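This report looks at how parts of a protein fold pack against one another. Please keep the sequence and the structure in view while reading.

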Amino acid sequence: GVNVAAHGKPFFIKREDDVEEAKERVRREINAVCEDASLIEKSTPSWFSFLCGEILFGLYNFFSLALVPVWLPVVLFTYGIGRSFQQLKERWATGELPQEETGRLVVHAASIGEWQALKPLLQKLKEKKSLPLIITVSTPEARQLIQKEQPGLDVKMMPVDLPWVVNRWIKNTKPHAVLVVETELWPNFIDALHKHHIPVFIVNGRLSSRSAHVWTFVRPFIRRITNRISKFYVRTEGDGRRFMECGAFATRIVVTGNTKSDNLKILEWNEKQESRQAVFGNSRGVAVIAGSTWAPEEETVLELFSRPPGRDLRLILAPRR
């Protein structure tokens, strides 16, 4: 089985493990959690900050509903009708999962970038083979890519962040624990998991200085979310510091490195040349990358490259969609 000691790190106890050793490990974890709780109690925000957080959370839900007539046309105009209405059952959590499976590990990788960061961790999770694994995503493109690269994985769309939707999703999915890649902090999603005593862990966590600065304007609201996160496994000390500035407890932050870049292979010069030869037919010239482009940026780049260049150029075009 799997044991999660409150907000502590998950650990695994196998059926064949010694009973006394298992009891001692559980005892150590509980003691560590008690120490953590004592430290957190000393840094608990004031009642005024708590009240502001609750008010802002209520306003978030109020405007989420009140502005539907505004944001729905914007979504349809931006993404198109076909893309906006894909997998509606999953987005509104109306499709049920098999009832015989009582526990699942859910990993949320919002888009393709988060999926790339998840791959090294996913290999470790699959080795454990402890719980059925579900990947949730926010974009159809990420879903298509994951299903192409890992056909055996169960990939679902993230539910809409409304209270009754996420509660229905929890009832249908029965998650044992939830891992969120990088910084997808949906308020109702995390709040509902917390109320159902389901731990949430941030993995490969990142928070830019710009985002942290914006978050400080609604710090009581952000603190309400971060206080419900069991552990932040962040890329750098700077990311951890910025999460703390936004209300996360220092005892719950662990610097683990960047899973997206730490596992990249550093190529030798001859390997780079072979790679360029395979892609372009030769290894001469300069390679220009236009990454994460939106229309009409692709047309602009292609128009520039249609002109006779002053030197030998190669183009790698990587559209966002």
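In this predicted model, helix 11, which spans residues 219-226, is largely enclosed by the rest of the structure, because six of its eight residues are buried. The buried residues of helix 11 are Phe221, Ile222, Arg223, Arg224, Ile225 and Thr226. What do these buried residues of helix 11 pack against? Their partners are helix 2 (47-66), helix 9 (187-195), helix 10 (209-215) and strand 8 (231-234).

**Two helix pairs**

Two packed helices are described by the angle between their axes and the distance between the axes. The table gives these values for two pairs in the model.

| Helix pair | Angle between axes | Distance between axes |
|---|---|---|
| Helix 2 and helix 11 | about 90 degrees | 7 Å |
| Helix 6 and helix 7 | roughly 35 degrees | within 9 Å |

With an angle of about 90 degrees, helix 2 and helix 11 are roughly perpendicular to each other, because angles of 65 to 115 degrees are counted in that way. On the side of helix 2, the contact is made by Ser49, Cys52, Gly53, Glu54, Leu56, Phe57 and Tyr60, while helix 11 contributes Pro220, Phe221, Arg223 and Arg224. Sorted by class, the residues of this contact are six nonpolar, two polar and three charged. Phe221, Arg223 and Arg224, which take part in the contact with helix 2, are also among the buried residues of helix 11.

The second pair joins helix 6 (residues 112-128) and helix 7 (residues 140-149). Here Ile112, Trp115, Gln116 and Lys119 of helix 6 meet Glu141, Ala142, Leu145, Ile146 and Glu149 of helix 7. By class, the contact of helix 6 with helix 7 is made up of five nonpolar residues, one polar residue and three charged residues.

Is Cys246 buried or exposed? Cys246 has a relative accessible area of 1%, and it counts as buried because this value is under 20%. Cys52, one of the residues of helix 2 in the contact with helix 11, has a relative accessible area of 22% and is partly exposed. A search of the whole structure for disulfides finds zero.

**The whole protein**

The protein contains 14 helices and 11 strands, and 37% of its 321 residues count as buried. Among the contacts with a separation of 6 or more, 65% come from residues 24 or more positions apart. The protein exposes about 19,200 Å², and carbon and sulfur atoms supply 58% of that area.

Notes
Residues numbered from 1 in each chain as written. Predicted model: local features only at pLDDT ≥ 70, side-chain atom pairs only at ≥ 80, totals over all residues. Heavy atoms only, no water. Disulfide = S-S within 2.5 Å. Buried < 20%, exposed > 50% of the residue type's maximum accessible area, 1.4 Å probe, protein only. Helix = DSSP H or I, 4+ residues; strand = E, 2+ residues; numbered from the N terminus. Contact = heavy atoms within 4.5 Å. Areas by Shrake-Rupley, 256 points an atom, 1.4 Å probe, with all protein chains shown as cover. Axes fitted to C-alpha atoms, helices over the stretch in contact; angles between N-to-C directions. Parallel < 35°, antiparallel > 145°, perpendicular 65-115°, else oblique. Nonpolar A, V, L, I, M, F, W, Y, C, P; charged D, E, K, R; others polar.
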